Amino acid sequence: MTSTWTLKENSTGELEVTVEGEAWKKAQKKALNYAKSHMNLKGFRQGQIPDALVKKQLSSKALYDMASEEVANEALSEGIKEHNIDLVARPTLDVKEADDEKAVLVFTCTVLPEVTLGEYKGLEVKKTQVRVTKKDVEERLNDYQKQFAELVVKEEGTVEEGDTAVIDYEGFKDGVAFEGGKGENYSLEIGSNTFIPGFEDQLIGVEAGKEVEVNVTFPEDYHEESLKGKPAVFKCTVHEIKAKELPELDDEFASEVSEFDTLDEYKEDIKKNLTEKKEKEARAAKENAAVDKAIENAEMEIPDAMVATQTRQMLDDFARRMQSQGLSMDQYFQFTGMTADKMMEDMK
């Protein structure tokens, strides 16, 4: 195989690979065998048709195209290695020419953009002064306290802000249940803003075992066309109410959640870790500020394919986080009014 690489505008280029000799003969043979195994011809068993008859049933172009697909990955890999190409998206393939002796494959590639640096020496950036206060330590300690909180079923009382209500719900528009609006034994933290605006607020004050109708209006930019801006009623049953029970901040708590025997020792360790974290963040901020200033003087053009790949990765990461919380993307869209297109645009 021989290849040439031509870089063009917008971080795209053409990798032209010529496949000939034994490699091209093997690709044609594979293509022929594939066609043979999928062809039906009266008087012959599938896969037992003579090569000459198979070729009569296929056009030369069809056979060459199939052979090109067979050898494309190897040709692309060889070309990338030879020219040290940094791909940011899957290339597209075009068969420029092909006959019994050779094929010329053209891959249109999107690559990492070239950057032209401007002035980057002597740039001045400020360093953030690091200081950890008593309030910082208390706030972090309170965060740890919340992490070790237990959800305890409330035997009496009603749903309050911060409680978790275990509910069944079903949504109706104009008295008719709509698809995707039903759930059972769903644990909803009040104040998490997981559902449509106004939904969670209307559960506050409801006792366990009671039913309540929650009236909401879907946002105008809601992903489901039939529900955009429409009023709806959710019939809800509150099965249980769970409240967070925080552990006491004392020596016993410190010994259970850390390697220290006393709360004072634990606080000192928290202060030390916060200081190290803030110092690390300060260094990173200084470095980022320097890079930002250098970027202001640089010239580059980010290809659309690179942005699309990163956007898709961000969306996939978000979907995995939602799934780990027991919420599908359809449910997330349903209860927030967000759409996949709107989210993709924001991430882009």
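Let me start with a term: on a 1 Å grid over the protein atoms alone, a pocket is an open set of points where a 1.4 Å probe fits, with protein on both sides within 12 Å along at least five of seven lines. Its volume is the space filled by probe spheres set on the points, joined across faces, edges and corners.

This is a predicted model: local features need pLDDT of at least 70, side-chain atom pairs need 80 or more, and totals for chains, interfaces and linings use all residues. Numbering runs from 1 along each chain as its sequence is written, and side-chain values use heavy atoms, without hydrogens or water.

The largest pocket has a volume of about 290 Å³. Eighteen residues line it, lining meaning an atom within 4 Å of a point. Leu7, Ser11, Leu112, Pro113 and Glu114 lie nearest its centre.

Now the cores. A nonpolar core joins buried Ala, Val, Leu, Ile, Met, Phe, Trp, Tyr and Cys residues through side-chain atoms within 4.5 Å; buried means under 20% relative accessible area, with a 1.4 Å probe and protein chains only. The largest has 33 residues, and Ile167, Phe199, Leu203 and Phe234 have the most contacts inside it. Strand S9 (231-245) is among the elements supplying at least two residues each. S9 gives the most, five. Apart from this core lies another, of 24 residues, including Val19 and Ile85. Strands here are DSSP E runs of at least two residues, helices H or I runs of at least four, numbered from the N terminus.

Last, helix H1 (residues 21-38). Its buried residues include Trp24, Ala27, Gln28 and Ala31. Why that spacing? Residues three or four places apart point the same way, because an α-helix has 3.6 residues a turn.

Terms used. Buried means under 20% relative accessible area, exposed over 50%, partly exposed in between (1.4 Å probe, protein chains only).
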